Amino acid sequence: MRSTPQIEWTMAFQEDVAEVFHFLEYQYCSESQKNKLWEKLNRTQEKLALFPGVGILLDDREYTRAYRRVRMGSTYYIFYEVDAFAEKVILILHRLLAQARNYEVLIREAVAEYVDVD
């Protein structure tokens, strides 16, 4: 029998979740609306734990990791990777972004280089 994968949240994912809930607070959303979003997040994590390969694999040479994207409800995407080389399968949740955002830029791994023009 296959064991359930371990799920890890990166710092960026934690910040994204906090930002979403902060936005809901700012919009004066009810507690039931916030709970509904939290339940969607939990259901999506459970689905990923059962079927880690369900997300669409992002095809971009800029990514050094095999990122996958899965939709959470009608508003958000969760970007994650599956680490199957560990002793136990680990799902690493990287970002939670609204579908309207330019996610290709937000999950880039290359560090921006700044040139000092004196």
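Reader: So in what order do the elements of the protein chain run from the N terminus on?

Author: They run β-α-α-β-β-β-β-α, with helices (H or I, at least four residues) and strands (E, at least two) taken as DSSP runs numbered from the N terminus. This is a predicted model, where local features need pLDDT of at least 70, side-chain atom pairs count only at pLDDT 80 or more, and totals for chains, interfaces and linings use all residues. Residues are numbered from 1 along each chain as its sequence is written, and side-chain values use heavy atoms, leaving out hydrogens and water.

Reader: Ok, how many bridges join β3 to β4?

Author: Five, and the two strands run antiparallel; pairing requires that DSSP finds at least two bridges. Val 70 stands opposite Ile 78 in β4. The two strands form a hairpin with three residues between them, and Gly 73 in the turn has a positive phi of about 70°.

Reader: Switching to pockets: which residues line the largest pocket?

Author: Leu 24, Gln 33, Lys 36, Leu 37, Lys 40, Met 72, Gly 73, Ser 74, Thr 75 and Tyr 76. A pocket here is an open set of points on a 1 Å grid over the protein atoms alone, where a 1.4 Å probe fits, with protein on both sides within 12 Å along at least five of seven lines; lining residues have an atom within 4 Å of a point.

Reader: And which helix gives the most to that lining?

Author: Helix α2 (residues 31-50), with four residues.
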